[in-house]
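Please read them alongside the coordinates.

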Amino acid sequence: MRIAVSACLLGEVCRYDGRSKPCARVQELAADGHELVPVCPEVAGGLPTPRTPCEIVRAPSMKGKKAHTANEPSWTILDASGTDRTAAYARGAQAELARAKEAGCELAIFKAKSPSCGSGEVYDGTFSGTLVPGWGIAATAFHDAGIAVIDETADFNRLSRM
């Protein structure tokens, strides 16, 4: 199976803090025969590494775990200094979605809690470390396009047998 994976989980230095977040469990999926396609919506959207931390201030409503839209006007993503970074996040989400679709990805394993990649929980936009139910803009775009989205904390046992 081809799997889109947050590049930081594969050890690429692309996070807001100028670091990576390598995840051995994710990396081991390649040994099981899966093709891992690294993606980073923030970098694809033109944001530098490192960059000022960003959080979702406004997002479309969610019903259960299904996001309603990854359409840019329904989102507001600000950095900690108050600068609106929504356009970069939306641009990167669409660019990486197109790349994942072209590669034939059926699944995305994204970095938990990220304003791009979070799938179920994201920071609340106050920069206080508070988590709320929600999805990042790239995770929403992938989900809406029919690509299953999980994060690095998910149970991968089922994937090993696929």
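1. Helices (H or I, at least four residues) and strands (E, at least two) are DSSP runs, numbered from the N terminus. Residue numbers start from 1 along each chain as its sequence is written, and side-chain values use heavy atoms, with hydrogens and water left out. This is a predicted model: local features need pLDDT of at least 70 and side-chain atom pairs count only at pLDDT 80 or more, while totals for chains, interfaces and linings use all residues.

2. Confidence. The protein chain has a mean pLDDT (the predictor's confidence in each residue, from 0 to 100) of 92, with 91% of its residues at 70 or more. Residues 63–67 fall below 50; this stretch has 9 contacts (heavy atoms within 4.5 Å) beyond near neighbours in sequence.

3. Sheet. An open sheet is built from 4 strands in the order β2-β1-β7-β10, with parallel pairing; two strands pair if DSSP finds at least two bridges between them. The edges are β2 (35–39) and β10 (148–151), each with a single partner strand, so one side of each has no neighbour in the sheet. On average, neighbouring strands are turned by 25° against each other, direction ignored.

4. Strand β1. Residues 2–6 form β1, which pairs with β2 in the parallel sense over 5 bridges. Arg2 is placed opposite Glu35 of β2.

5. Helices on the sheet. α3 lies across β1 and β2, at about 165° to β2. α4 lies across β1, β7 (107–110) and β10, at about 165° to β7. Axes are lines fitted to C-alpha atoms, for helices over the stretch in contact, and angles run from 0 to 180 degrees between N-to-C directions.

6. Helix pair. The axes of α3 (residues 86–103) and α4 (residues 137–144) come within 9 Å and cross at roughly 40°. The two helices are therefore oblique to each other (under 35 degrees is roughly parallel, over 145 roughly antiparallel, 65 to 115 roughly perpendicular, the rest oblique). Residues meeting across this contact include Tyr89, Leu97 and Ala100 in α3, and Ile137 and Phe142 in α4. By class, the contact of α3 with α4 has 9 nonpolar, 1 polar and 1 charged residues (Ala, Val, Leu, Ile, Met, Phe, Trp, Tyr, Cys and Pro are nonpolar, Asp, Glu, Lys and Arg charged, the others, Gly among them, polar).

7. Backbone. Most residues other than glycine have a negative phi, and most peptide bonds are trans. Thr49 and Pro50 are joined by a cis peptide bond, with omega about -5°; Pro50 is in the loop between α2 (41–44) and β3 (54–58). Lys113 has a positive phi, near 75°, and sits in the loop between β7 and β8 (119–123).
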